[in-house]
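Trainee: Please take one part of this model and go through it closely. I would like to see how it sits among its surroundings.

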Amino acid sequence: MAGMHLLSDQGLRLDGRRANELRQIRCKLGVFSQPDGSAYLEQGNTKVLAAVYGPHEIRGSRTKSLHDKALVNCQYSMATFSTGERKRRPRGDRKSQEMSMHLRQALQAAIRVEVYPRSQIDIFVEVLQADGGNYCACVNAATLAIMDAGIPMKEYMVACTASLGNGDVPLVDISHLEENSGGPNLTVAALPLSGQVALMEMSQRFHLDHLPKVVECALQGCRDIHQILDQAVRRHIEVSGAVGWGIRPQVKL
């Protein structure tokens with residue numbers, strides 16, 4: 001059966017991680033000055049840029065139908081050089097449209113859209129390098145960009161993947177090699193503090209005996225990623241506040 005031998009006898013995965021270990025996450029807020037909010041995030045070798053514009057006035061005929069909340073518009077795209085094979089259509093294809101819809105579903109559940117009636121929030125996400133968990137990295141980067149834009153959220157929206165190794169061992173934050181091993185993959189986007197799930201998608205069916213522990217593995221991954229993102233936001237606020245008050249931030253070497 002495919003996907004059975006993703007763990008060695010020592011309990012290590014193909015990239016040297018333990019089953020419950022996340023890929024290294026590096027992130028930075030405020031990477032662009034033109035958008036209202038922006039962020040760059042690396043999750044393993046998957047690299048993503050996110051930019052947020054708004055809230056701004058809705059243009060067109062949709063104003064009447066959204067008199068009590070903001071419209072959240074998401075656009076997902078992949079750079080032509082993001083994968084080993086050059087993409088002919090970096091945006092606008094069926095896969096990109098589906099990813100844009102799933103991004104909107106997750107982020108709209110976290111943004112306090114009732115604060116901005118008759119307004120629109122535009123979120124653009126681009127994958128610079130794809131190495132598994134593209135959707136999750138995009139959700140996490142977009143959350144940071146929304147925070148940078150100062151748009152109020154109920155709480156962080158965080159996404160994480162999970163799978164099974166060696167038949168019954170849950171694996172968190174799966175890489176591209178693990179995604180393509182042939183086993184079932186689970187993607188979860190959730191509000192980690194309240195435990196509410198905004199999106200859950202499976203590439204294949206899981207056995208009912210295995211599904212609960214794989215879901216819990218993904219949710220624990222969301223909680224762990226939340227701590228990393230929250231630390232990044234707090235560091236960004238401290239540095240921005242220090243610069244704003246004319247204080248030179250102390251850098252520890």
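Mentor: Strand 8 (residues 185-191) is covered on both faces: N185, T187, A189 and L191 are buried on one side, and L186, V188 and A190 are buried on the other. Buried means under 20% relative accessible area, with exposed over 50% and partly exposed in between, using a 1.4 Å probe and protein chains only. Strands here are DSSP runs of E, at least two residues long, and helices are runs of H or I of at least four, both numbered from the N terminus. In a regular strand, side chains alternate between the two faces of the sheet. Seven of the seven residues of strand 8 are buried, so the strand is largely enclosed by the rest of the structure.

A word on the source: this is a predicted model, in which local features need pLDDT of at least 70 and side-chain atom pairs count only at pLDDT 80 or more, while totals for chains, interfaces and linings use all residues. Residues are numbered from 1 along each chain as its sequence is written, and side-chain values use heavy atoms, with hydrogens and water left out.

Now the partners of strand 8. Two strands pair if DSSP finds at least two bridges between them. Strand 6 (residues 158-165) runs antiparallel to strand 8, joined to it by six bridges. In this pairing, A159 stands opposite A189 of strand 8. Strand 9 (residues 196-202) is also antiparallel to strand 8, again over six bridges, and here L186 faces M202 of strand 9. Strands 8 and 9 form a hairpin with four residues between the strands, where G195 takes a positive phi near 80°.

Next, M157. Contact means heavy atoms within 4.5 Å. Leaving aside neighbours within four places in sequence, M157 is in contact with A189, A190 and L191, among others; the list also includes A106, L107, V139 and A198. M157 is also one of the residues with the most contacts inside the largest nonpolar core, which has 63 residues; the others are I123 and Y135. A nonpolar core is a set of buried Ala, Val, Leu, Ile, Met, Phe, Trp, Tyr and Cys residues joined through side-chain atoms within 4.5 Å. Another core, of five residues, lies apart from it, and L6, L7, A19 and I174 are among its members.

Elsewhere, five strands form an open sheet with mixed pairing, in the order 1-2-3-5-4. Strand 1 (25-29) and strand 4 (71-78) are at its edges with a single partner strand each, so one side of each has no neighbour in the sheet.
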